[in-house]
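Reader: I would like to learn how to read a structure feature by feature, with the general idea set out before each case. Could we go through it slowly?

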Amino acid sequence: MSRLKKVLLTSSIVAVLAIPLTASSEIAETPTFTPKQLADWLHLVMSTDRAVYTKKIVNRLVKKDKVIKASEHFEDDKALVLPAQMFRFGAEEVSKKTDQFTYSLQSLWPINKQNAPRTDVEKAGLAYVAENKGENYYGVEELGGTTYFTAVYADPAVAPVCVSCHNEHKDTPKSDFKIGDVMGGVVIRIPVKG
Ligand code: HEC
């Protein structure tokens, strides 16, 4: 192969490689989804992980195989962490790593007062998802000079243990939950301006 051919061949390979590289970095930096889609996808991952932990770990080891129990006082009781605590510990770790979004599991009737809503949008969102089964709530709020997109997703009582544990808990402000009731909600907050 002549030197010229080699140069041409090499440069065409470089060109072929270079185009996708430039294009991929441009694509990586081009906004293609909305804050609502982002919140919906984050919620899909977190709610699926929580369901998997509940079904494949807690239900299997506690109910089916009966090798361990799940307890709020998991350290003292040498027990499994409750799904809601698992969720909160994850959210607390994420909040140390990024301020691009925050999330939490809240309720208008919280066992743990730390899980009560604080902002008007959180309160309105939790009330909305409790009254409108199957619907999400999306709002915008300004906090400390920053505008946030805030999404609220219902957390329904999908199993009898949700209801019995909450209704019987010493710290619950509500003891008449029924199966299928919305017990709280996941709040995801994304800064959009400011
Ligand atoms: C064995 C008891 C137990 C079971 C079972 C249980 N929870 Fe909870 N749940 C708790 C405790 C304790 C907390 C407070 C956790 C914390 O420290 O943040 C909590 C927290 C929550 C919260 C946040 C608000 C609050 O009350 O603090 C929601 C919402 C919630 N649980 C929904 C559910 C749902 C839905 C299920 C069933 C899929 C369920 N829980 C099963 C004990 C339980």
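Author: Let us start with contact: two residues are in contact if their C-beta atoms, placed from the backbone, lie within 7 Å. Leaving out residues up to four places away in sequence, Ala151 touches Lys36, Ala39, His43, Asn136, Tyr138 and Ile188. What you see is a predicted model, in which local features need pLDDT of at least 70 and side-chain atom pairs count only at pLDDT 80 or more, while totals for chains, interfaces and linings use all residues. Residues are numbered from 1 along each chain as its sequence is written.

Reader: Which residues have the most contacts inside the largest nonpolar core?

Author: A nonpolar core is a set of buried Ala, Val, Leu, Ile, Met, Phe, Trp, Tyr and Cys residues joined through C-beta atoms within 7 Å. A residue is buried if 20 or more other C-beta atoms lie within 10 Å of its own, exposed if 12 or fewer, and partly exposed in between, the C-beta atoms being placed from the backbone. In soluble globular proteins, nonpolar side chains tend to be buried together. Here the largest nonpolar core has 22 residues, and those with the most contacts inside it are Val129, Ala151, Val152, Tyr153, Val186 and Ile188. Two or more residues come from each of helix 3 (83–97), strand 1, helix 4, strand 3 and strand 4, and strand 3 gives the most, with six residues. Helices (H or I, at least four residues) and strands (E, at least two) are DSSP runs, numbered from the N terminus.

Reader: How many residues does helix 4 have, and which of its residues are buried?

Author: For length, the expected span of a helix is 1.5 Å times one less than its number of residues. Helix 4 (residues 120–131) has 12 residues and reaches 17 Å from its first C-alpha to its last, close to the 16 Å expected. Its buried residues are Val121, Glu122, Gly125, Leu126, Val129 and Ala130.

Reader: Is Glu142 buried or exposed?

Author: Glu142 lies in strand 2, and it counts as exposed because it has 12 C-beta neighbours inside 10 Å. Glu142 and Val186 are 44 residues apart along the chain, and their C-alpha atoms are separated by 19 Å.

Reader: Which residues are the closest to the ligand?

Author: A residue is near a molecule if its C-beta atom, placed from the backbone, lies within 6 Å of it. By that rule 22 residues surround the ligand, and the closest are Ala84, Ser107, Cys162, Cys165 and Gly184. Helix 3, helix 5 (160–168) and strand 4 each give two or more residues to this shell, and helix 5 gives the most, with four residues. By class, the shell has 13 nonpolar, six polar and three charged residues; Ala, Val, Leu, Ile, Met, Phe, Trp, Tyr, Cys and Pro count as nonpolar, Asp, Glu, Lys and Arg as charged, and the others, Gly among them, as polar.

Reader: What is the phi of Lys66, and what is that of Lys78?

Author: Most residues other than glycine have a negative phi. Phi of Lys66 is near 50°, a positive value in a residue other than glycine, and phi of Lys78 is also near 50°. Lys66 is in the loop between helix 2 (35–64) and helix 3, and Lys78 has its place in the loop between helix 2 and helix 3 too. Lys66 is exposed, with 9 other C-beta atoms within 10 Å, and Lys78 counts as exposed with 10 C-beta neighbours inside 10 Å.

Reader: Where is Ala70, and why does it count as buried?

Author: Ala70 is in the loop between helix 2 and helix 3, and it is buried because 22 other C-beta atoms lie within 10 Å. Leaving aside neighbours within four places in sequence, Ala70 is in contact with Val58, Val62, Ala79, Leu80 and Leu82. Val58, found in helix 2, counts as partly exposed, with 19 C-beta neighbours inside 10 Å.
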